[in-house]
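Trainee: I keep meeting labels in structure notes. Can we test a few of them against their cut-offs?

Mentor: Good plan. Here is the model.

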Amino acid sequence: MSETRILNRAALGELIAALTAAGQRVLAPVEDDGRVEFREVTDADRLALDYVQTVTSAKAVVFPRFERMLRFAMRGKDVTVEEVPPASPPTVLLGAHPCDAASFATLRAVFTWDSGDAYCEPKLAALTVVGLSCARGDDFCFCTSVGGGPADARGCDILLSALDEKTYRAEILTERGRALVDLAPGAFQPGAGAKPRPVAAILPRFAAAELTEKLPELFGDASVWRQQSLRCLGCGSCAYVCPTCTCFDIQDERSRYDAMRVRTWDACGFGHFTLHASGHNPRGKQSERWRQRVMHKFAYQPARLQVLGCVGCGRCSRSCPVDMNLGEHLERLAATAAGSE
Amino acid sequence: MSHECGNGHNLYVPYRMRVAKVTAEAPSVVTFRLEFVDPADAERFDFRAGQFGEYSVYGEGESTFCIASPPTRKGYIECTFRQVGRVTTALADRDEGDIIGFRGPYGNVFPIEQWRGKKLLFIAGGIALPPMRCVIWNCLDLRDQYDDITIIYGARTVADLVYKHELAEWGARPDVTLYTTVDPGGQTADWQGRVGFVPTVLEQAAPAAANTIAIVCGPPIMIKLTMPVLARLGFEPDQIFTTLENRMKCGVGKCGRCNVGPVYVCKDGPVFTMAQLAGLPAEY
Amino acid sequence: MDTLQTFASAKLAAGEVKIVIGYQAGSDATRARPAFVSDTAEAASLIYDDRCRQNLAVYLLKPEVRAAGRAAVVCGPATLRTLLQYAAENRIAADAVVAIAVDADGTVTELADLEAVETHVARQPRGLTPEQQAEIDRIDALPLGERWQWWSRELGRCFKCYACRAACPLCYCSRCITDVNQPQWIPVAADPLGNLEWNVVRAMHLAGRCVDCGSCAEACPQGIRIDLLNRVLAREAVVDFGVAAGVSRRKDYALASFKPDDKEEFIR
């Protein structure tokens with residue numbers, strides 16, 4: 001059973017100050033040049049909590065777009081290898097919507113599958129998520145089709161839901177959430193408040209579990225994938241704004257005397273992603289790469305990791321230069337699959 | 001297999017390996033013998049035939065190859081690679097005594113314990129002999145556990161045959177039947193082996209399928225043309241093993257490259273039976 | 001609008017083209033999406049309005065689209081310029097494409113070959129809009145330090161998804177310099193140096209070739225104004241070499257032509 005508290009909007013500054021004073025890095029949605037993004041904040045002045053969706057996800061908090069892993073110092077033939085300690089300061093993600101909160105379960109599943117990941121895991125361990133129920137959504141949101149929802153608490157240590165213009169109810173869901181409240185006891189008032197305001201109405205468009213079951217049948221239907229992917233430009237925009245895409249590259253960068261091994265984001269939509277040194281490419285067509293993207297998220301990850309590779313945040317579709325609209329595509333696939341029985 | 005390398009908690013830290021011996025095998029193909037710099041690593045390290053690793057030149061990157069030496073030979077590992085890209089070019093530049101990185105072993109294994117008492121038929125083409133060499137030597141080192149061992153190996157030209165000294169050794173052994181072949185036109189004046197493509201030589205050799213395991217590694221076209229011959233000889237798909245070499249970066253199921261359908265080559269492979277591959281899309 | 005659909009339908013019906021590359025309504029009122037119409041009934045769904053911003057010429061080089069056969073392309077002014085630049089760079093044959101040109105006033109014209117495209121483009125106004133010019137002037141006028149800061153901030157958002165490259169019809173290299181690693185010309189990390197090198201090198205590779213369609217900036221999920229870099233370099237190419245991209249189907253654009261009186265010594 002969770003405890004509840006009341007958090008006044010006016011106390012957000014106090015909360016952020018207290019967390020900062022306690023050594024926590026606070027990341028929250030902030031408006032910058034007309035775009036809302038998660039940024040480090042030290043006060044409540046720039047908070048943009050009434051946002052629908054940030055352009056990029058919160059993924060970078062635990063899986064940055066590039067990360068130095070190893071440092072090689074080279075003196076002639078002598079090489080010393082140094083681990084670059086992962087930057088994992090205690091971090092509070094404040095005001096992330098339930099889709100972003102849910103994404104960490106997928107990231108954790110990937111990065112801890114059988115073997116650990118010395119770079120991602122410490123960041124996950126240092127993270128406290130203060131979620132915020134969605135007052136508004138848009139046509140690209142489809143969280144309710146993939147097991148989430150605008151007030152879904154999964155992945156949150158605390159979930160905020162607006163009671164009115166000035167107040168949130170704070171549900172304290174985990175020990176970590178409780179510890180956060182203890183860092184800023186003054187910001188939280190006792191009580192549960194009245195009924196929270198209604199959250200965004202995100203109508204389910206398909207059932208992810210059914211889609212997962214049916215997708216293997218659709219794998220061989222080349223026309224389905226070709227039709228959708230013909231306009232795909234093969235850029236990495238969808239993958240890079242996605243909260244659950246984890247494909248990465250590892251490369252070395254060297255200067256005269258030393259070098260770094262860096263991990264960077266990569267994308268299954270890139271033509272050279274699977275290209276062999278021989279020139280052979282197991283997924284040589286864009287339709288095959290698009291299919292991989294869908295299958296990986298909605299069939300392979302559920303089968304292998306027991307998680308969906310999608311939280312229905314809709315960012316991929318908002319950012320796509322050619323309007324690929326994943327939700328619409330999945331809805332159609334689900335209908336195709338159902339009809340093909 | 002959950003072997004992890006490096007200092008135990010960060011799998012991306014490679015073992016430091018000393019290049020102990022460099023052998024030129026064929027044009028741009030080299031074999032390295034690698035010894036652990038830290039004896040404690042050597043002590044801890046264990047692998048089985050079929051597994052692979054990530055080999056790195058510090059400052060140039062990592063490249064994925066199988067371990068080409070058998071686990072029965074302790075204290076070192078060997079890898080054979082063709083110089084193609086940035087990492088393999090840098091690797092080929094290493095001299096004896098140089099330090100490179102290795103992390104692994106990763107992936108599944110040839111189930112050689114289950115092959116005890118059976119005949120083994122190894123069929124390889126070109127640069128695909130290295131993954132097979134590991135298991136060939138593994139079985140030869142445990143020779144009394146297996147029935148007849150036949151090896152069919154072909155390359156484009158005589159120069160392209162790798163492990164020439166070992167081919168001579170295998171050919172001289174009474175307990176191994178070896179067929180070496182080169183593509184028509186690839187022979188030299190003093191070539192003693194056969195001339196013809198691997199599937200043709202297989203057809204001529206016509207090994208019996210009963211109680212036999214076939215292990216096939218080679219370029220896709222060779223595999224494609226070899227399968228019907230094996231079928232005609234009576235081999236069932238679950239009697240035939242191969243290894244896949246999809247591109248990888250992490251080796252441990254995270255980087256997203258090596259999927260063949262739902263299968264991760266790095267974790268579920270690289271060793272597969274043809275029966276398993278028949279159920280997968282051709283994304284390799 | 002009817003004429004666009006009628007043209008497309010007629011071309012398909014006559015078998016002159018196998019596919020019409022155009023736009024359909026997208027997910028919402030602000031979006032259109034590229035469409036590949038191969039039967040006459042579908043032609044009715046084609047649109048052309050302010051939402052139609054992705055340069056469709058980019059699809060002409062895609063193997064999947066090429067496999068469909070001879071194409072007609074719905075072209076705004078920038079797409080027409082792209083066809084000419086493609087011809088100048090030997091990307092398309094003279095009769096490979098039928099252009100369905102839509103002018104600013106909505107007039108639809110069929111341009112059956114590149115000669116017709118060239119004539120059509122020559123009649124259209126060229127150059128920057130006053131707003132575009134003002135934008136460049138504003139950044140140009142900034143003191144060096146502030147200009148550097150402005151660009152550092154812009155490029156700082158780059159995470160190297162390469163949407164700019166994918167959306168750009170003239171970024172067609174089969175092996176982009178950023179994917180070349182022997183040597184590693186461009187740092188792989190999306191850090192300040194890596195981002196600067198990627199975006200500046202890309203702009204340089206487009207200098208005198210960019211037809212100013214704006215698709216790069218439209219595609220950028222991070223809203224980086226990459227188009228401004230390209231516009232400035234296009235201007236420099238005209239100032240220094242007297243040639244603009246996308247005006248001629250012949251190989252006479254700045255980077256492909258040689259003049260004995262070139263002002264640079266190294267090339268003479």
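Trainee: What makes the meeting of the side chains of Asp138(A) and Arg318(A) a salt bridge?

Mentor: This is a predicted model, to begin with. The N to O distance is 2.8 Å. The cut-off is 4 Å between a side-chain nitrogen of Lys or Arg and a carboxyl oxygen of Asp or Glu, so the pair counts as a salt bridge.

Trainee: How many salt bridges are there between domain 1 of chain A and domain 2 of chain A?

Mentor: The count is 4. Domain 1 spans 3–190, and domain 2 spans 208–339. Their contact takes 44 residues from domain 1 of chain A and 43 residues from domain 2 of chain A. The two domains bury about 3600 Å² between them. Of that area, 64% is on carbon and sulfur atoms.

Trainee: Why is Gly177(A) called buried?

Mentor: Its relative accessible area is 0%. Buried means under 20%, so Gly177(A) qualifies. Gly177(A) sits in helix H4 (residues 175–183) of chain A. Leaving out residues up to four places away in sequence, Gly177(A) touches Asp157(A), Ile158(A) and Ile172(A).

Trainee: Why does Phe266(C) count as exposed?

Mentor: Its relative accessibility is 69%. Phe266(C) is found in the segment after helix H10 (226–241) of chain C.

Trainee: Which residues make the nonpolar surface patch of about 360 Å²?

Mentor: Phe258(C), Phe266(C) and Ile267(C) make that patch.

Note on methods. Residues are numbered from 1 along each chain as its sequence is written. Chains are lettered from A and ligands numbered from 1 in the order in which they are written. This is a predicted model: local features need pLDDT of at least 70, side-chain atom pairs count only at pLDDT 80 or more; totals for chains, interfaces and linings use all residues. Side-chain values use heavy atoms; hydrogens and water are left out. Patches are made of residues with over 30% relative accessible area and no salt bridge: like charges are joined within 9 Å, nonpolar side chains (Val, Leu, Ile, Met, Phe, Trp, Tyr) within 5 Å. Accessible areas come from the Shrake-Rupley method with a 1.4 Å probe; for residues, only the protein chains shown count as cover. Helices (H or I, at least four residues) and strands (E, at least two) are DSSP runs, numbered from the N terminus. Buried means under 20% relative accessible area, exposed over 50%, partly exposed in between (1.4 Å probe, protein chains only). Domain bounds come from an automatic or database domain assignment. Contact means heavy atoms within 4.5 Å. Buried area is the accessible area (1.4 Å probe) that two parts lose on being put together, summed over both.
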